[in-house]
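Subject: Structure handover

Hello,

Please look it over before you set anything up.

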Amino acid sequence: MKRRAAITGVQGYVPDDILSNKDLEKMVDTNDEWITSRTGIKERRILKTPGMTASDMGKIMVEGLLEKTGTHPDEVELVICATITGDLVFPDTANTICDKVGIRNAFGFDIHAACSGFLFGLNVGSKFIETGYKKVIVVGMDKMSSIIDYTDRTTCVIFGDGGGAVMLEPNEEGNGIIDAVLHGDGGGRHFLHMKAGGSALPASQETIDKRLHYVYQEGKTVFKQAVKGMVSTVQDVMSRNGLSSADLDWVVPHQANMRIITTVAEDLGVPLDKVMINIQKYGNTTSGTLPLCLWEWEDKLSKGDNLVLTAFGGGFTWGATLLKWAYNAK
Ligand code: UT7
């Protein structure tokens, strides 16, 4: 049987501090009714602990994952961290996580693909497993509160902090990652980006005064492309593997907007009770949404379940991954 990369454990983390819609009503001109009906979000988590960084969230996720899977840090060979809010522009946060956890025999790097980051990281990690690696960790998390303008009501109601990590190991029983359809279109960069802080516009007094170090989004355009991109890639990956929506046990969609999730499910013909949804509690954690869903649903998943993970985000980047779940939670 072909050697596949299977997820053998998942560990999520969200900070304790809750930012509710009622809290946001006091900060910007918005209201619970608008946020709930337009996005499905009721609250999100914010990392407020002074000095605590994205890599500290990653450390908690990875330490929990090692404990859960009975893995010694020396056994880990590769750590991929999907994030757009790493501790520093360089070096990569994956390396900082390894240092903080005490992973000494691995190399690590970050994937900077916004909301599709975890999906892309999962597929890159799976290729290393397929070609001989035995233990690869993929982290997907973001500290979005560090790049959100809490005076901009069009973005500050959407995003939150958190994410999760998964362990990938070889599987020769037919379970694991089966296939993926991944896409990118740089033309989409104009609709979702951060204007300053990169080499195009390094930080200056002017970029700070103009509030250019925050997420900029043209929501309507992104919304339409997100639905289209997620539906088409899920359909593509299913049809080239001879599956129909009736064969799916779970759809794991990026949590950007409840209306996007329900439209995608409807277009795919999948009932909502087969769709993982936790956007109401955490909002959009960017690279964190997919592992956070897997973590929350882990106990409900059974060995052999067909899952499709799908995401859309800044870049534009998007795609879908088909996998067979490899274990029953203890
Ligand atoms: O994860 C990465 C990918 N991102 C996404 O997939 C996000 C996709 N986009 C969206 O989820 C939605 O477009 C948003 C949630 C961002 C916005 O929802 P919308 O239904 O597209 O609203 P809109 O931008 O068309 O705005 C409608 C109205 C506007 O007022 P006018 O011009 O009609 O008077 C906005 O100014 O709603 C207003 N508005 C708000 N009102 C109260 C925008 N934000 C708010 C707010 N509270 N927070």
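The ligand lies between domain 1 (4-174) and domain 2 (177-324), because both give residues to the shell around it; the domain bounds come from an automatic or database domain assignment.

This is a predicted model, in which local features need pLDDT of at least 70 and side-chain atom pairs count only at pLDDT 80 or more, while totals for chains, interfaces and linings use all residues. Residues are numbered from 1 along each chain as its sequence is written, and side-chain values use heavy atoms, with hydrogens and water left out.

Ligand site

The ligand is surrounded by 23 residues, a residue being counted if one of its heavy atoms lies within 4 Å. The closest are Thr30, Arg38, Lys220, Asn257 and Asn284. By class, the shell holds 10 nonpolar, 8 polar and 5 charged residues (nonpolar: Ala, Val, Leu, Ile, Met, Phe, Trp, Tyr, Cys and Pro; charged: Asp, Glu, Lys and Arg; polar: the others, Gly among them).

At least two shell residues come from each of α2 (32-39), α6 (153-156), α8 (219-239) and α9 (258-268). The largest contribution is that of α8, with 4 residues. Helices (H or I, at least four residues) and strands (E, at least two) are DSSP runs, numbered from the N terminus.

- Asn284: a side-chain N or O atom is 2.6 Å from an oxygen atom of the ligand.
- Arg38: a polar side-chain atom lies 2.7 Å from a ligand oxygen atom.
- Gln217: a polar side-chain atom lies 3.0 Å from a ligand nitrogen atom.

Of the 950 Å² of accessible area that the ligand has on its own, the protein covers 75% (Shrake-Rupley method, 1.4 Å probe).

Backbone

Most residues other than glycine have a negative phi, and most peptide bonds are trans. The bond from Phe90 to Pro91 is cis, with omega near 0°, and Pro91 lies in the loop between β4 (78-82) and α4 (93-101). Also cis is the bond from Gly315 to Phe316, with omega near -10°; Phe316 is in the loop between β12 (306-313) and β13 (317-324). Ala114 has a positive phi, near 50°, and is found in the loop between β5 (107-111) and α5 (117-130).

Regards

Key:
Polar contact = N/O pair within 3.5 Å; in protein donor to acceptor, adjacent residues only side chain to side chain.
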